[in-house]
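Here is a short briefing to read alongside the structure. Have the viewer open, and let's walk through it together.

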Amino acid sequence: MSNPPEMPGSDLGELDSDQNKARGGLGVAALAVVSLLAVFVVSLLVFHLPLQVAMLGALLVATGFALLRGYTYAELESFGYDAVRRALTPIFILIAVGGLIGTWTASGTIAYMVDLGLQVISPNYFLITALLLCSALSLATGTSWGTVGTVGIALIAVAHGMGVNPAMAAGAVICGALFGDKISPMSDSTNLAPAVAGAPLMEHIRHLQWTTLPVYVMSGGIFLYLDLSRGNNATGTSQGDAITTALESQFNLSWVVLLPVFFFIALLLLKKPPFVSIVLASIVAALISVFVQGMTVGDAFSVIYDGYEAETGNAIVDKLLTGGGMTVLLGVVVVILLASAMGGVLYRSGIISDLLDACVSRLKTARGVVLTTLYGTLGLNFAIGDLLGAMVLGGSLMSPLYRKFGIAPKTLSRTLEDATTMTAPGIPWNTSALYMSGVLGITTLSYLPYTFVVFLTPLVATLYAVTGIAIARTRPETDLLVDEDVDATAAALPLPENSMAGR
C-alpha cells in the first residue's frame, strides 16, 4: 500500500460545485498554475524557505484565483475543509508511525536489525541488497509505507555504519518498497487502479509488468553499478564495529526484540487496518522495553509521544537512535493539511478541471489519450498532493475516452499507477514523499536523484504510448468511428459540474 486505504477524492460527488459561479475559464486557470509554480520556485530555490511556508503561500495564491472565479471565502473554506477531512487517515497514520519509531527504538528492535544488518549485509552490495529486501517485504505485505517505516529505517542506520551514502540507501529502500507495492494484490493502490478503470485485478497486475519489470531491472542494474563503483570501505567497516559495540552496550539484543516486527507483519497479512496495526505493534514494543530493556512503564510509554533519546557515548549511534515520537512528524502533518486544502480549492473551484477539459476536448488518437492520461494524472498528483485522489480523478475523467478509442481498461489502470504510485515519492508535498522523508530523516530532494523509478517509469510508459507497444485494445484501431465528434464525448464525461465553468 503506497498510502493508507482511504480513497481521498473518491467520492466525486463531494467535489461538485456551482458551475455558474466560476468565471475566467482556461486563461485564469493556466495563470493560476503558473503562479503556483512560481511560488514554489521562489520560496524553495531562491529564499530557501521551509516547505510549510511555501505551501502556505501556494494556498493563499490558489484562494486568490478561486475568489476571482466568483466563489465566496466561505465556499472556499468548505472546499478546503472537505479535502482536509479526506486526508485525516494518512495524518493519523503518520502520528502513529512516530510513536512506532520511538517504541521500536526504545525496545531495541531497530538496534537489533541494525546489528544484524551490519553482520550479514556486505558493504560492497549494500544498495542492491536493500532493494531486494524491501521488494520482498513490500510484495508480501502490500505496503510500501510499512516497509519503509520498519526495515527501511534499519537499513538507513546500517548505511551510516557501513559508510554508504544515506541518500543512496533511501533511494534503494524506496525503489524496492514501490516495486513490491505495485505488484502486490494486497496493495490498496493496486486494487484501486483497476477498480477505477474497470479491469480485473490479476489482469491489471500482469499488464503492470510491461512497465514495472523493465524499470526494476534498470534500477537494480544502476544500484549494482553504484555498489561496485564504491569499492571496499575500510572506514565504513571500522565504523560498523564501533556501532555494534555501542548498540550491545545500550540494549539487551536477542530475537525477542523482533516480536514487534513479526506482530506488525502478521497484522498486515491479516489485512488489519494500518493505524490499528501500528498502534498495537507500538504497544508490544513498549512492553518489551519494560520487560527486556528494564525501562519503567512510564518511560516506555512516554516515548510514544516524546520519542527516544539514546546515550551510548557513540555520536553516530546517538544521532541515529534519538528521535521518534508523535511530535517528530508534526511538520509533515502541517504540509499535508496545507497541501490538501490547496488541492481542494484548486479542484472544487474548477481550475484543474478547466485545464484537463481543454486537453480532453482536443484528443483525436489513442496515442494522445494514453499520453494525456499519463501526464494529466501526473499533473493531478502534483496539484493535489495525494496519489489515490489523483488516480480516482484521472481515471474517472479518462475512462470514457478509453471506451471510445477501443483501448482496454487494463491499459488505463496501468497508466494510472505509472503516473501516481511510482512518481509520488518524488513530489515533495505529496503525502507519500512527506511520509518517506519524515520517517527516513532524509529530504525528498536529497534522495530523489537515486529514486530511479520516479524518472524511469514515466519514460518507459511514454515510449509504449508513442510506439503503441503494450497498448492493449478492445478492438482494432481501424474499427474506430473516426468521424465521431470527440468534443461531444468530452462534454459527456462524468466531470464535476464546475469543470466547464467559464467556457
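Helix H7 gives four residues to the lining of the second largest cavity, the largest share from any element. This is a predicted model, so every value here is computed from predicted coordinates. The cavity has a volume of about 90 Å³, and the structure holds six cavities of 30 Å³ or more.

**The second largest cavity**

- Two or more lining residues come from each of helix H4 (88-106), helix H7 (144-162), helix H12 (259-269) and helix H13 (274-291).
- The lining of the second largest cavity counts 14 residues, and those nearest its centre are Trp145, Gly146, Phe264, Ile278 and Tyr435.
- By class, ten of the residues lining the second largest cavity are nonpolar and four are polar, while no charged residue takes part.

- Threonine 143 sits in the loop between helix H6 (126-141) and H7.
- Because its relative accessibility is 3%, threonine 143 counts as buried.
- The side chain of threonine 143 reaches the backbone nitrogen of glycine 146 at 2.7 Å; Gly146 is also one of the residues nearest the centre of the second largest cavity.

**On H13: serine 289**

- Serine 289 lies in helix H13, one of the helices that give two or more residues to the lining of the second largest cavity.
- Is serine 289 buried or exposed? With 0% relative accessibility, serine 289 counts as buried.
- Leaving aside neighbours within four places in sequence, serine 289 is in contact with Thr103, Ala106, Ser107, Gly294, Met295 and Ala300.
- Serine 289 and aspartate 299 are ten residues apart along the chain, and their C-alpha atoms are separated by 9.0 Å.

**The largest pocket**

- Turning to the open spaces, the largest pocket holds about 780 Å³.
- Its lining is made up of 35 residues, of which Ile427, Pro428, Trp429, Thr444 and Leu445 are the closest to its centre.
- Which helix supplies the largest share of the lining of the largest pocket? That is H1, with five residues.
- At least two lining residues of the largest pocket come from each of helix H1 (25-46), helix H2 (51-68), helix H16 (330-348), helix H18 (366-384), helix H21 (431-440), helix H22 (444-447) and helix H23 (452-467).
- The lining of the largest pocket has 26 nonpolar and nine polar residues by class, and no charged ones.

- Asparagine 430 is placed in the loop between helix H20 (409-419) and H21.
- At 0% relative accessibility, asparagine 430 counts as buried.
- The side chains of asparagine 430 and asparagine 381 are joined by a polar contact of 2.9 Å.
- Neighbours within four places in sequence aside, asparagine 430 is in contact with Asn381, Gly385, Asp386, Leu387 and Ala424.

**An enclosed helix: H17**

- Helix H17 (residues 351-360) is largely enclosed by the rest of the structure, because eight of its ten residues are buried.
- The buried residues of H17 are Ile351, Ile352, Ser353, Asp354, Leu356, Asp357, Ala358 and Val360.

**Two loop residues with positive phi**

- Histidine 48, in the loop between H1 and H2, has a phi near 55°, a positive value in a residue other than glycine.
- At 61% relative accessibility, histidine 48 counts as exposed.
- Alanine 470 belongs to the loop between H23 and helix H24 (486-491), and its phi is near 60°, again a positive value in a residue other than glycine.
- Alanine 470 counts as buried, at 14% relative accessibility.

**The chain as a whole**

- The chain has 24 helices and zero strands.
- Of its 503 residues, 58% count as buried.
- Among contacts in the chain with a separation of 6 or more, 82% are between residues 24 or more positions apart.
- The accessible surface of the chain comes to about 19100 Å², and carbon and sulfur atoms account for 67% of that surface.

Methods
Residues numbered from 1 in each chain as written. Predicted model: local features only at pLDDT ≥ 70, side-chain atom pairs only at ≥ 80, totals over all residues. Heavy atoms only, no water. 1 Å grid on protein atoms, 1.4 Å probe; cavity = no way out; pocket = protein on both sides within 12 Å on 5 of 7 lines; lining within 4 Å. Points joined across faces, edges and corners; volume = space filled by probe spheres on them. Nonpolar A, V, L, I, M, F, W, Y, C, P; charged D, E, K, R; others polar. Buried < 20%, exposed > 50% of the residue type's maximum accessible area, 1.4 Å probe, protein only. Contact = heavy atoms within 4.5 Å. Areas by Shrake-Rupley, 256 points an atom, 1.4 Å probe, with all protein chains shown as cover. Polar contact = N/O pair within 3.5 Å; in protein donor to acceptor, adjacent residues only side chain to side chain.
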